[in-house]
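This report covers the fold and the surface of one protein chain. The sequence and the structure come first.

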Amino acid sequence: MPKKGSKKVTKMTEEEQLLYMQQKMLEEEEMQKKKEDMLNQFLKDKLSKEEHNTRLNTLKLNEKWRTVMREAKAAELRKDIEILSQTFERIVDRKDGVIRALTKDLEEAEEQYATALRNHIQNVDKLVDLQRSRLIIIENEFEAELASLKEEFDAERQQMIVQHEQEMTNLEDIMYAMDQIFGEVANEARQEFNSTRDDLKNKSLEEKHSLRVNLEGLVEDLWLQFQHALKNYIDSTEDRKIAFETLKARDEKSAKEIEMQMKKLQKMQDTIATLKVKIAANSRKCEAQNKKLRNEKETIKQHFLMQKSQMNYLRAREHERLIKLTLESNAAIKTLKDVCDKGEHILKMAEMCRKLETEEEKVLPFYASSLTPEEENKVKHLMMMRPCEELAEAMMDCVALEQFWKRYNKVCLDQIVLQKEKHTLLQENRRLRQLLKQYLDGISVNEEILSNLNPLIVINNKTNVKMNMPVIESAASKPVYNVIEAAHIINHTV
């Protein structure tokens, strides 16, 4: 076969040989890709199986650990429930005793209340009887006094009625006599008044009529004379009056014009004189002021140039300071923002840590001092003394953070203890993983496993594998801890 292919290749031209080689290379590349794809698919299947097995094994391990932890926690909770039940029974007994004592006190108080109520009712009955007897006596006295008052009132009333009737008869007699007397006097006076009134009325009418006739004649004569004289005067003085009025109007007008012109002339003369004086004074004054203003202009110009140069210098300096201030303020804002973020992070972490604190840490957050009373008094005395070094003075400013540093040191100590405990638990976990691996190797069937010693084969209560068993402390010396995953806490707190 290769000989035939070689013969075919020798018979081909160079272009056909090149195409043939390229086709052959493409086929080899496709075969190589197929092999790689098959290998990748195989590895992926194998990886998925391994992941499935690992997940299944981890689930089994977690389930076993959960059962172990549940049993331990159940035992601990049972003990707590027993203690709580004993304390509850003790408290219930104490409460029952208190209730019995209170019921006894209540019965005694009810008896005392009943006796007091009986005594009170008896006293009230006595007081009611006494009040009734007093009311009867007072009522009898009131009836007697009322009867006597009625008798006296009736006697006085009868006496007053008789006296009133006598006085009324006397007054009626007097009124009748007075009416008779005043009636006669009034008639006489009325007659005299009517007669005198008629006489006076007649006399006044006659006098009035005669005076009216005389006065009307005189008035008519005087009116005719007055009209005649008025007409003659008007006819004689009409032309003169018109001429006088015209001349009077012209005279008044010319007098006003003359007066106005004189005032204007006087005013113009006064203004001319004052203006001459002002012009002379202003010319002298303006020359001095112009000279002074020129000098001031020169000085102001020099001062302006100096102030302008100084202002430019100050402006440049203030601009540099402003740039520096903006840069420093931006840096300060950035640092303050970092500090705020850090503080918020610290507060969040503090809230998270507060949720994870135990009851003992919540009640006693600070550890007790290990110093003796003498050492504490010495420390207080030294704290009250004024420091002489700069570092000591700087430390005095941080005295308020002493409780914080105590709590921080307590946390650091707890962290060290937890790290040590974590190290021991990791070692124990490593041993348990080793034992679990030996167990899984023992239950699996494999050539590599069968070639080695099987740890599950026990003969005469002895295994053929050397195992480094961890030293298990007693339950009394080693407490049982509840393990909670950190990812679970983070998911439910953040």
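Which residues form a nonpolar patch on the surface?

## Nonpolar patch

In this predicted model, the nonpolar surface patch consists of Met168, Leu171, Ile174, Met178, Ile181, Phe182 and Val185, which together have about 660 Å² of accessible area. Areas come from the Shrake-Rupley method with a 1.4 Å probe, and for residues only the protein chains shown count as cover. Patch residues have over 30% relative accessible area and no salt bridge; like charges are joined within 9 Å, nonpolar side chains (Val, Leu, Ile, Met, Phe, Trp, Tyr) within 5 Å. A salt bridge is a side-chain nitrogen of Lys or Arg within 4 Å of a carboxyl oxygen of Asp or Glu.

Leu171 belongs to helix α2, residues 14-356. Leu171 counts as partly exposed because its relative accessibility is 48% (buried is under 20%, exposed over 50%, partly exposed in between).

## Negative patch

Asp105, Glu107, Glu108, Glu110 and Glu111 make up a surface patch of negative charge. Asp and Glu count as negative, Lys and Arg as positive; His and the chain ends are not counted. Charges are placed at CG of Asp, CD of Glu, NZ of Lys or CZ of Arg.

Glu110 is in helix α2 and, at 48% relative accessibility, is partly exposed.

## Whole chain

The chain has eight helices and two strands, in the order α-α-α-α-α-α-α-β-β-α from the N terminus. Helices (H or I, at least four residues) and strands (E, at least two) are DSSP runs, numbered from the N terminus.

Of the 494 residues, 2% count as buried. The chain exposes about 47,100 Å², with 60% supplied by carbon and sulfur atoms.

## Basis

Residues are numbered from 1 along each chain as its sequence is written, and side-chain values use heavy atoms, without hydrogens and water. Local features need pLDDT of at least 70 and side-chain atom pairs count only at pLDDT 80 or more, while totals for chains, interfaces and linings use all residues.

Methods: Buried means under 20% relative accessible area, exposed over 50%, partly exposed in between (1.4 Å probe, protein chains only).
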